[in-house]
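Good morning, everyone. Please look at the structure on the screen, and I'll walk you through a few spots.

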Amino acid sequence: TNNANTTITVGSKAFNEGYLLGELVAQKLEIDGFNVERKLGLGKTIITYGALRYGDIDVYVEYTGTLAQAIFKLKNTPSIEQLNELAKQHELKVLRSLGFNNTYALVMDKAKASKLEIKTLADLAKHPQLKFGLTHEFIKREDGWEKLAIHYQLNHQPVGIEHGLAYEAIQAEKIDITDAYSTDGDIDKFNLLLLEDNDDYFPRYDAVPLVRANADPAMVKSLEALAGILDEATMQRLNGEVVNQGKTFAEVAHQFLVSQGLKK
Ligand code: PBE
């Protein structure tokens, strides 16, 4: 097909699920005949978003809550339709959700939580001795630590940590609490408890492909076929195949597309 004359650059943020979804998007475009260049793991949200805005990449997977609050600086997270009205002003288009919500959650060791009788974020206020190791991005974001701490009256002083090292730091008791992503594949492996967000502080973070408003319609059509293809449990399982079973992102994405009948 004539899609072969079009090269699409697929980007991603620099965390496991970002790479995996980047591979999924890249392979789907390849199935439909596009030439694909991969620029995965560009960095944190603002870097990757900037790469899309300025044309270094043509697509990456973002999350609705992140787009609304960390990028557009809104106080809440509107529907995808409303978000799209705003996106237009930024010359962007938000495609339909891949089907899952990957929310932030604070986690701690299950046994320690049960010993201290901690179940919810509000409970943390009664335990000022707990050590918080939070990701650098979470500490700074609109939907992150500062407002969360005010909301739940937490006076802890967090230290910054790489997300990829945080669960091991909890296991080694260097820290007690970190910000997890709810679809991480290793939450069970590390025996972590996701603390309940009783007041729904966190918005929804539905995974959505993000493209520029003038994107090639054939590319948009190819990506729209991924709408609703995942759910939270499936995404957690796929992330786990990488972190627990040592499969590559490309392998996991390939096998998933095959299982969906989208690839031979
Ligand atoms: N999240 C959870 C973050 C990291 C994973 C979707 C809220 C984000 O990338 O915006």
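Let's begin with a question: is Glu 117 buried or exposed? Glu 117 is exposed, because 9 other C-beta atoms lie within 10 Å. The cut-offs: buried needs 20 or more other C-beta atoms within 10 Å of a residue's own, exposed means 12 or fewer, and partly exposed is in between, with C-beta atoms placed from the backbone.

Two notes on the model. It is predicted, so local features need pLDDT of at least 70 and side-chain atom pairs count only at pLDDT 80 or more, while totals for chains, interfaces and linings use all residues. Numbering starts from 1 along each chain as its sequence is written.

Back to Glu 117. Its phi is near 55°, a positive value in a residue other than glycine. Glu 117 sits in the loop between helix 5 (110-116) and strand 6 (133-135). Helices (H or I, at least four residues) and strands (E, at least two) are DSSP runs, numbered from the N terminus.

Next, Asp 200. Asp 200 is not a glycine either, yet phi is positive, about 50°. Its loop runs between strand 9 (192-194) and strand 10 (207-212). Asp 200 counts as exposed, because it has 7 C-beta neighbours inside 10 Å.

Now the inside. A nonpolar core is a set of buried Ala, Val, Leu, Ile, Met, Phe, Trp, Tyr and Cys residues joined through C-beta atoms within 7 Å. The largest one has 45 residues, and Val 10, Leu 20, Val 25, Val 59 and Leu 210 touch the most other members. Helix 1 (residues 16-31) gives the largest share, 7 residues. A second, separate core has 27 residues, including Val 107 and Leu 134.
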